[in-house]
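Here are my notes on this one, written up as a few quick points. Keep the picture open while you read.

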Amino acid sequence: YTIIILQDGSALSAGYIESLDVYSGHLGQDPGVVVEGVNEFRPISPPDAPKFAKAFGGVERTPNSGIMHTILIDSKGQIWATGSNSQGQLCLGDNVNRMIPERIPVDVAIVDVAIGSEHTLLLDENGNVYGCGSNAVGQLGLGSTQVTFTPTKLDILLFPVSSISSGHSHSLFVAQDGGIYYTGFNFFGQLCVDTEKE
């Protein structure tokens, strides 16, 4: 699927839905207009829709599972979440799917987001990183914690972070001092180190 932000700050999404039975809301559109098959570009319009600045599309947990989610940042640095929330990856305090974007309650401006299959990372304007969702293979870097439903600060990072990235079940962080940190699943070497350790 694809999400675009227009110059006026409106957001549109489009994509293919295999089955409405497993659709979890990642398009962020009124469920009444979403169809099986090809969905043309339509507005993402939560109540009191803000002007959006960035959009982040997720990756499906397993093919045709419907488990994927979307995060948007508005022009004020507020973040909005929609889609599958099976592991709390929407950072909204529960595991209820959202069909329309809902604002995540955080008290600091968010400047970047990274999304995995069932986890989300948030980077704030001060270089702090917060994680939500599954940490089953260490993808959030939160030690033995298996799942978190609200933004949880990663205290293991020694320096402020300038950039974040996530894959299906792993995460990478670039610190402001130039150091690169990694965590999560590494069976295929996706952490760029010669080990299969998580």
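1. Strands are DSSP runs of E with at least two residues, and helices are runs of H or I with at least four residues, numbered from the N terminus. This is a predicted model, where local features need pLDDT of at least 70, side-chain atom pairs count only at pLDDT 80 or more, and totals for chains, interfaces and linings use all residues. Residues are numbered from 1 along each chain as its sequence is written, and side-chain values use heavy atoms, with hydrogens and water left out.

2. Now the sheet itself. Three strands make an open sheet in the order β1-β2-β3, and the pairing is antiparallel. β1 (2–5) and β3 (37–44) sit at the edges with a single partner strand each, so one side of each has no neighbour in the sheet.

3. β1 pairs with β2 (residues 11–17) over four bridges, in the antiparallel sense. I4 stands opposite L12 in β2, while I3 has S13 as its bridge partner. The two strands form a hairpin with five residues between them, and G9 in the turn has a positive phi of about 90°.

4. On to the other pair. β2 and β3 are joined by six bridges, again antiparallel, and I17 stands opposite G37 in β3.

Conventions. Pairing = 2+ DSSP bridges.
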